[in-house]
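Reader: I am new to reading protein models. Can we go through one feature by feature?
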Amino acid sequence: MNKCGFQLVGQKKLDDIGVMANLYRHQKTGARVLSLHTEDKNKVFGITFRTPPQNSTGVAHILEHSVLCGSKKYPLKEPFVELLKSSLQTFLNAMTYPDKTCYPVASTNEKDFYNLIDVYLDAVFYPLLHPYTFYQEGWHYELENPEGELSIKGVVYNEMKGAYSSPDSVLFELSQQSLFPNHVYGFDSGGHPKEIVKLTYEEFLSFHKNYYHPANSWIYFYGNDPEEKRLQCIAKYLDKFSSLKINSNIPLQPNLNLNFKVIKQFYSASSSDDKSMFTLNWLFANDFSPEEKIALFVLEEFLIGLPGSPLRKKLIESGLGEDLAGVGLESELRQAYFSIGLKGIKEEDISKAEEIILSTLKDLSYSIDKNLLEAALNSVEFKFRENNTGAYPQGLSIMLKSLTFWLYDKDPLALFEYDKIFQNIRKKLKEDYFEKLINALFFQNSHTTKVILIPKLGLFEQQNLEEKEELRKLKNNFTKEKILEIVNLTKALQSFQQRQDDPQDLAKIPTLKLKDLDSNVEKIPCVLKQLNCTSCFTHHLNTGKIVYLDLGFNLQGLRDRELILAGMLGKLLLEMGTKKRDYVDLNTDISRYTGGIYPLVLVDKHINGKPLAYFWLRTKVLESNLDKLRDILTEILTEYDFGSSKRLEEILREQKSGFEQSFIPSGHSFVLRRLKSCFNLSGVIEEYLNGIEHYFGIKHILTELKNCPEKILEDLKKIAQKVICTNRLAVNLTVETQYEARAFDIVKQITKDLNVGNITKWPNFSLLENNQGLQVSAQVNYVGKGYKLDTEFLGSSLVISRLLRTGYLWEKVRVIGGAYGAFCVMDIFQGEVYFCSYRDPNHIATLNIFDNVSQELKSLVLTNSELEKLIIATIGELEKHKLPDAKGFESMLWELKGLDIKRRQKIKDQIFNTSLKDIKSFAQKFDFLKNQKIVVLGGENTLLKLKEASFIEEIIKLN
Ligand SMILES: [Zn+2]
């Protein structure tokens, strides 16, 4: 069959993932097209090129950045950024892998979807690839004036310098490269800073010419849009090319006798406490069938994925290191490999850890715990079938999975026959298949390496000095002409970057109009039933055979220390074990019979301002295992055992180090929470449950545990007794209609064993009064400021917060200030506004920028079409596509918060009708400011300066 120049070469109905698949060849060029039809509205398109690098200059990565900087039909500075501003996209990005480059887009709106595809197709086939784009995205010498200091700049150059300064990513790269000494996978497709500077513009252009051709492309569609439209839309581009012979095959790495060949390197330590890290690595030489590949996933889950996994447990319990290192199974390349080790280990202990890894694997090659293996199999099967990717479109995850076969000229669909595959693997559980597999992969295999990273203080500083010295020498050897050329280039590049897009070109980017959007708010089915004193919310949604059940316990009325303990409850219930068995056994059963039980603490506000605080146990399970879930939940809720202070200490230590690791990447969340506690009660409560107060609480309890462990354990028990009762319980069920009755029955049985309990009023907490500095050892700051304005806001304030984030704050805090970014959060019911910057080199300057927001808004000029784009993007963000479990949970939260459909519609109407006048009148509210507060997380020097200048009154040391 032939359609629009495409020949149908395969067709399959895949019941396991609910799609009808057509596989085509474009006759003129040989382009491959996989077209999947499903009911899912979240449509996905992707075009992928096979791009094996021949060196580590990062050419594939630089090209990935550069094709998105203007094309023939859309000759703009950054069409990509324009799309982000005005589209309803649910995914828009590009990714470079060791052997491929992918350009995926997704949207639930069909018109928007095809707009995105057109811009992307023009970008990959007809990019402008201006030399200045290469300098900007790749690398260039920079020199402001002939006497100045020579430096190297470039977006990818800087990105990869960042990557190579993280020991974890160096360990990953080295481990992978060590296994592929004569192979494309032995290069870094992202680029090594030392190699990037060897890339020329001509090589860059010819890489595009060689590989970005339809004959070397893999094109993918997924969703509910018509086939004809798909084929016509790509034919417009493909038909302009003729066939071409392209050699981009990925060969197999020949098997070598490496026998744990040692690769040793230094990394830059940040303190003298830093320790070494290492991995052992095995290359799995074969091409695997889909079934063999899924068996590898099961093996990985069994070895390190579960709390009771033998390799994980042995390594952690050895106390030799702080955490596992290595990626485990790497399965996205043509050849899979396995990488495991420890970080935070003393160099002299590495051989002991190796011994543990090898002897554990050896024991397992003789005999495996079948219960644990079955738990691993079920856990992998559940993940594959559910395909719950959170915010990531499901169609995209199917594309990436199919490419792991398709790209190597194998059937892209065979992997998705889950019924058949998992049945076969299940049969193998009874045989000694996995024992033999371990023996073959780990012991009949000498293609193995060992990678060690050793800390060295001051390595960065030393490398920076050397680099400066090299550049200085280089400059000395340049002729006068060459120096002048660089100065001129630096200037020319700056004006190239500052050029404004021609409004006529800007208008070429296809955008949606407000009339293309649904003006009604989304309705999510939600029925509230009362089960004695428990509220049960039910949502009938398309979840297949999976039942999502959330149990939430209201924490109202708890005092400070009680809240700190309650914030730990979810994790302790799952990880302390029960009166019947230890936590390993319990968790094996959880993986064996369910899709997991996840603890969550959530603090919010009713629209009337009253705090809402719950801890949740969120679960998912196949309907056939509902009875098992009931037994497990009943056991957890009624037979918990908080008896072991040793286990409690292990968990709390892990929690504490989790907090400490997140101070830097997530400083803005800590600042925002802290700021909220200056303005409202729910902010104070969240601090105890989840914030800095909680962190101090954990530290305090860890010291108390040394003196009087019995008291802590007793207190925890009391809190659990107080909170786990039907009076405080809210149940949330997201389920297909046909399974509702059974699921509801399970809920009844679980609740019948619980106490009734009672709820008291919130005590009188006091709000945080001082402006504060939170001190960590960091070179960057997170600067936050909150304002209490006098009234509740209109929905249009959400448009304003987006306007500020993508406009004023972006420009001032990021582009000029050099921070990674800044954002603005509005509490529309309570009239609160919060600003926060992240990874900010500045502090006082940023606070001034926040203070000028009102002036900026008052003098704002905005065209109608700019305003329309903003409104569309605000709606897109507000109504971002969600999977059923997330939808059910969100609609329950609306109910708890009192956000009924009328109120939500009113907010959406206000967003739709936002005018420039609304924006200006919002700005005037700042004139009647009631209250403002500052919280900054940063290094000692910053905070001392802020204190000296009276911006903050108090400095609190975090670690
Ligand atoms: Zn990049």
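Author: Start with surface patches. Patches are made of residues with over 30% relative accessible area and no salt bridge; like charges are joined within 9 Å, and nonpolar side chains (Val, Leu, Ile, Met, Phe, Trp, Tyr) within 5 Å. Accessible areas come from the Shrake-Rupley method with a 1.4 Å probe, and for residues only the protein chains shown count as cover. Here, Trp810, Val815 and Ile816 make a nonpolar surface patch of about 330 Å².

Reader: What kind of model is this, and how are residues numbered?
Author: This is a predicted model: local features need pLDDT of at least 70, side-chain atom pairs count only at pLDDT 80 or more, and totals for chains, interfaces and linings use all residues. Residues are numbered from 1 along each chain as its sequence is written, and side-chain values use heavy atoms, with hydrogens and water left out.

Reader: In which helix is valine 815 found?
Author: Helices (H or I, at least four residues) and strands (E, at least two) are DSSP runs, numbered from the N terminus. Valine 815 belongs to helix α29 (residues 796-816).

Reader: Into which domains is the protein chain divided?
Author: Domain bounds come from an automatic or database domain assignment. Domain 1 covers 2-138 + 199-251 + 478-506, and domain 2 covers 261-455. Domain 3 is 543-752 and domain 4 is 772-957. The centres of domain 1 and domain 3, taken over C-alpha atoms, are 44 Å apart.

Reader: How do I read a sheet? Which strands form the one with β12?
Author: Two strands pair if DSSP finds at least two bridges between them. In this open sheet, 5 strands run in the order β12-β16-β13-β15-β14, with mixed pairing. The edges are β12 (261-269) and β14 (323-330); each has a single partner strand, so one side of each lacks a neighbour in the sheet. On average, neighbouring strands of this sheet are turned by 15° against each other, direction ignored. Axes are lines fitted to C-alpha atoms, for helices over the stretch in contact, and angles run from 0 to 180 degrees between N-to-C directions.

Reader: In which sense do β14 and β15 pair?
Author: β14 and strand β15 (residues 337-345) are antiparallel, over 6 bridges. Alanine 325 has glycine 341 in β15 as its bridge partner.

Reader: Which strands does helix α17 touch?
Author: Contact means heavy atoms within 4.5 Å. Helix α17 (residues 459-477) packs on the sheet and touches β12 and β16; its direction makes about 90° with that of β12.

Reader: How many salt bridges does the structure hold?
Author: Side chains of opposite charge can pair when their charged atoms come close. A salt bridge is a side-chain nitrogen of Lys or Arg within 4 Å of a carboxyl oxygen of Asp or Glu. The structure holds 68 salt bridges. One of them joins glutamate 381 and arginine 426, at 2.7 Å from N to O. Glutamate 381 is in helix α13 (residues 370-386) and arginine 426 in helix α15 (residues 418-430), so the pair ties together parts 45 residues apart in sequence.

Reader: What do β17 and β18 form?
Author: They form a hairpin with 2 residues between them, and asparagine 532 in the turn has a positive phi of about 50°. Strand β17 (residues 527-531) and strand β18 (residues 534-540) pair in the antiparallel sense over 5 bridges.
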